[in-house]
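Welcome! Take a moment to look over the structure below, and then we will walk through a few of its details together.

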Amino acid sequence: MSRRRDRPAPAERLVIGQMAGVVLASFLAVVALAEALGLPPGLERLIEAILLAVTAAGGMWWLMVRPLRRAAGEEAFHARLQRALGMAMSEEEALEAMRRGLEACVPGSPGEVLLADSSRAHLERAVAVGPGDAGPGCAVDSPAACAAVRRGQSMVFPSGEALDAGPKLRGRPEGARSAACVPIAVLGRSIGVVHVTAPDGDPPGREAVARLESLATQAGSRLGMLRAIARGELQAATDPLTGLLNRRSLEQRARALRGAGVPYAVAIADLDRFKALNDAHGHETGDRALRLFARELRAAVREADVVGRWGGEEFVVVFPGCRAEDAAQVVERVRERLRAALAAADTPPFTVSVGLADAGGADADLAALVTAADAALLRAKAEGRDRVVVAARPRPLEAAAA
């Protein structure tokens, strides 16, 4: 079994024993000295009273003042940690606050924070402190393999070689070590663990474990909130069916590009005869077709390109720093990928028509370019569908003025 945290640590027990021994030895020494010197009874009692007063003062300090000072220190640490995590506006900033908090919990000792990945099937090292910032190198690789995570409670192991030590603590290259493991939970579900090690036989004491628990509790709350905010922002910015940006988010990205002076081309793609596909095979098949095209579209374009579902079966792509003719080559690659994907999918075959436009040196916002690309798309439909058409480039402003 792991050591109970409410018992004094070995160092504390040693100090208590030493104090008791010193008090007893001093009392006996005073009594013996008084008898040897033949001091008057009144003086002897005075010395004994002084010794008892000093002993009582030491005991009061140990039993009352010291715990109050410890509690004040823990409260100050808790408040500082809360402020540090409260200022974190992203998960990366929260992890940095956790790193500094972990260093304060176990100064100079190896420590690390392991967090579950998105699948909750694996633990990944998110924070490491100690010599060389390497951490203790816990070999636990999944939440289910960590006893503290499984039980949802802190565990302290006085020796990694003890019979009841965690399996991953035994046989470490650096030799036997003690350890403390504190689970990190969000809404009652453990998502990770804080793991620290110390010399064998001298595990982290009560104060250190209490700080680690404060770190785990506050970090879990902050990470949970930040992830909930991120999910909400993602849901507000994306189309729920395809996972692409929605129209509003795509317009915001395009405005940012224009504000930064970055020219771009715009493509508007429309699935051919989509209504007939829906009528013949049902809306579920139509949704599969939309998701399939969205996946191939996102996979074919560049990382910097902005892809969104414009509405219905229409998709818009913004190509930063790209002319329409260059973007047409990317669009052709999309259509090739689509044909290959359809050959291996259980979705009825369909084609896509695309219109492309760029400003050609003139000043044009997204709405103007989408209008021009839409006109090119109508031409593609009129000419037989399943093709790409580039819109006529507008004349530059200075040429129009001339």
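At what angle do helix α3 and helix α5 pack, and how far apart are their axes? This is a predicted model, in which local features need pLDDT of at least 70 and side-chain atom pairs count only at pLDDT 80 or more, while totals for chains, interfaces and linings use all residues. Residues are numbered from 1 along each chain as its sequence is written, and side-chain values use heavy atoms, leaving out hydrogens and water.

Helix α3 (residues 91-105) packs against helix α5 (residues 206-237) at about 175°, with the axes 10 Å apart. That makes α3 roughly antiparallel to α5, a term for angles over 145 degrees. Contact means heavy atoms within 4.5 Å; among the residues that meet are Met98 and Leu102 in α3 and Leu215 and Leu223 in α5. The residues of this contact divide into eleven nonpolar, one polar and three charged.

Cys105 is another α3 residue that meets α5. Cysteine 105 counts as buried because its relative accessibility is 8%, where buried means under 20% relative accessible area. The structure holds zero disulfides, a disulfide being a pair of cysteine sulfur atoms within 2.5 Å.

Now to serine 353, which sits in strand β9 (residues 352-358). Serine 353 is buried, with a relative accessible area of 0%. Among the residues touched by serine 353 are Ile268, Leu377 and Arg387. Here is what its side chain reaches:

| From | To | Distance |
|---|---|---|
| Serine 353 side chain | Aspartate 272 side chain | 2.7 Å |
| Serine 353 side chain | Aspartate 386 backbone nitrogen | 3.0 Å |

Definitions and conventions. Helix = DSSP H or I, 4+ residues; strand = E, 2+ residues; numbered from the N terminus. Buried < 20%, exposed > 50% of the residue type's maximum accessible area, 1.4 Å probe, protein only. Polar contact = N/O pair within 3.5 Å; in protein donor to acceptor, adjacent residues only side chain to side chain. Axes fitted to C-alpha atoms, helices over the stretch in contact; angles between N-to-C directions. Parallel < 35°, antiparallel > 145°, perpendicular 65-115°, else oblique. Nonpolar A, V, L, I, M, F, W, Y, C, P; charged D, E, K, R; others polar. Lists of a residue's contacts leave out its neighbours within four places in sequence.
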